[in-house]
Amino acid sequence: MRIILVGFPGCGKSSVGKKLAAKLGYGFVDLDEAFEEEYRISIPGFFQKYNEPAFRSCERKVLLDKLQLDNVVISSGGGTPCFSDNMQLMKDSGTVVYIKMAPASLFDRLSHAKRMRPLVQNKTPEELRAYIDTTLPLREPIYQQAHLTVKGESIDIEALCEKVTFLS
């Protein structure tokens, strides 16, 4: 069984993914970390050296590779499902869970994030808020294609385990 977590950057895909994997006794893959291991460069460094289309192409290769694993929880990048036919590919390969969060919650999390995200780094609070307000509505219709949507502000890992096990 494969469980793939999708959602806007900062929604908690990685932290939820680790807890869910531990609870299910599955492996865990953070797609961003897998990308950095595969290409031996940080994602911000890749963006500086190349561009977003090049990143998305390489990201897809890593996704295809990781979707071959069994009994795994995969935390996708925030934009991963929104490019190529990645969302359909993920849905065909496992149970996709959308971690939905309100824009204000995303703003708070991204404002205090330890992990640098290339599409939001160096933005003023106003620019960050504007980025969320314009990008989230574009991505949301894709995220909503997931098999299951959970509220990111109050995830119950136990209940999520039951739901994904039932759906699989």
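Both faces of strand E1 are covered: Arg2, Ile4 and Val6 on one side, and Ile3 and Leu5 on the other, are all buried. Buried means under 20% relative accessible area, exposed over 50%, and partly exposed in between (1.4 Å probe, protein chains only). E1 spans residues 2–6, and five of its five residues are buried. Helices (H or I, at least four residues) and strands (E, at least two) are DSSP runs numbered from the N terminus.

This is a predicted model, in which local features need pLDDT of at least 70, side-chain atom pairs count only at pLDDT 80 or more, and totals for chains, interfaces and linings use all residues. Residues are numbered from 1 along each chain as its sequence is written, and side-chain values use heavy atoms, with hydrogens and water left out.

E1 pairs with two strands, as tabulated; a pair requires at least two DSSP bridges between the strands.

| Partner of E1 | Sense and bridges | Bridge partners |
|---|---|---|
| E3 (residues 72–75) | parallel, four bridges | Ile4 and Ile74 |
| E4 (residues 95–100) | parallel, four bridges | Leu5 and Val97 |

The structure holds eight aromatic pairs. One of them, Phe46 and Tyr50, is tilted, at 4.6 Å centre to centre with 45 degrees between the planes. Rings of Phe, Tyr and Trp (its six-membered ring) pair if their centres lie within 6.5 Å; planes under 30 degrees apart count as stacked, over 60 as edge-to-face and the rest as tilted. Phe46 is buried at 5% relative accessible area, whereas Tyr50 is partly exposed at 44%.

The charged end of Arg129 sits over the ring of Phe107, 3.8 Å from its centre. This contact requires NZ of Lys or CZ of Arg within 6 Å of the ring centre and within 35 degrees of the ring normal.
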